[in-house]
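Hello,

Here is the structure I promised to pass on to you. Have a look at it first, and then read my notes below.

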Amino acid sequence: MAPPIGNDRHTSGHTPGHTRRALLAGVAAGALGAAGCTRVATASATSGGELLDRLKAQGVVRLGIAGEIPFGYIDKDGQLTGEAPKLAEAIFKRLGVDKVQPVPTEFGSLIPGLNSQQFDVVAAGMYVTPERCAQVIFADPDYQVLDAFVVRKGNPKGLHTYKDVVAKKAKFATGTGYAQIQHAVDAGYKQSDILIVPDQVAGLNAVEAGRVDVFAGTALTTRAVVKKSAKAESTTPFAPLVDGKPRIDGGAFAFRPTETKLRDAFNAELHKLKKSGELFRILRPFGFSKAEMTNLTAKELCGG
């Protein structure tokens, strides 16, 4: 994903019982009011920005989310949840900001929405990539993740890597703006032949209906979406090859480039949570394992 800059994981893109995320975003927008309609004040570049002070004064931080399980979404009861919002709640409370407010949008609109001041921070498990690092600044990753496929039960075509998909001429799908677009292209799959669907639920539906042989996403999203499927399963996680080398991606919170003060304060609290083990306790209910905890830094993933 050359892929759209600012998308998954989320969910790497060289370019970071379920209901559909588009529906959930719509529910959130209606239940919470037009959260994205009022712009936040313009940040000052002086002394690393003034947003942290403003957030403390107003007591609320606006989170850009993309309705993707398990990263950030609105549940069936209309409540904000997911690993990134729950982590944001913990960290911003430590920073003196007691309330988080979701601003639902499409994943591809997260970076533009952040930089046009529709919300204060991206809380969507976004992968840290050099292309995104040219537009926003990231906290250090709060998780790392491998890729995996959704395939029909028994994996009849034996699809375990992108090279398998290419070699066996499998019908391939992935999500809008997902990093997995570029991973497949790097392996030799023709980009124009990729079926792009809105999210992992649509990907599961395409596999179950036989429209495609495989849907690619993160190991987290694929294993979550197949839990109640009688027709599909998730493959063993694997590291995609980027420039011929296995790549492990990391997801993190994104901030406007002027807001280094907020990013640094957020990072300091994040590292305290990592050291104490509290980070894992926050993320574990959303399907994260200890294998997905990480010491990766934004600097190394940004290529600097």
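Let me start with Pro-257. Leaving aside its neighbours within four places in sequence, this proline is in contact (heavy atoms within 4.5 Å) with Asn-115, Gln-135, Val-136 and Ile-137. The C-alpha atoms of Pro-257 and Asn-115 are separated by 8.5 Å, although the two residues are 142 residues apart along the chain. Pro-257 lies in the loop between strand E15 (249–255) and helix H10; helices (H or I, at least four residues) and strands (E, at least two) are DSSP runs, numbered from the N terminus. Pro-257 counts as partly exposed because its relative accessibility is 42%. On that scale, buried means under 20% relative accessible area, exposed means over 50%, and partly exposed is in between, using a 1.4 Å probe and protein chains only.

Before you go further, please keep in mind that this is a predicted model, in which local features need pLDDT of at least 70 and side-chain atom pairs count only at pLDDT 80 or more, while totals for chains, interfaces and linings use all residues. Residues are numbered from 1 along each chain as its sequence is written, and side-chain values use heavy atoms, with hydrogens and water left out.

Next, follow the chain into H10, which spans residues 260–276 and holds Glu-269. Is Glu-269 buried or exposed? It counts as buried, because its relative accessibility is 11%. Not counting residues up to four places away in sequence, Glu-269 touches Ile-91, Arg-94 and Leu-95.

Now for the cysteines. A disulfide here is a pair of cysteine sulfur atoms within 2.5 Å, and a search of the whole structure finds one. Its partners are Cys-133 and Cys-302, with their sulfur atoms 1.9 Å apart. The pair links distant parts of the chain, 169 residues apart: Cys-133 is in helix H5 (residues 130–133) and Cys-302 is in helix H12 (residues 298–302). The torsion about the S-S bond is about -70°, so this disulfide is left-handed. Cys-302 is partly exposed, because its relative accessible area is 26%.

Finally, look at strand E9 (residues 172–175), which runs parallel to strand E11 (residues 214–218) and is joined to it by three bridges. Strands pair if DSSP finds at least two bridges between them. Phe-172 stands opposite Val-214 in E11. E9 also pairs in the parallel sense with strand E10 (residues 195–197), over three bridges, and there Ala-173 has Leu-195 as its bridge partner.

Enjoy exploring!
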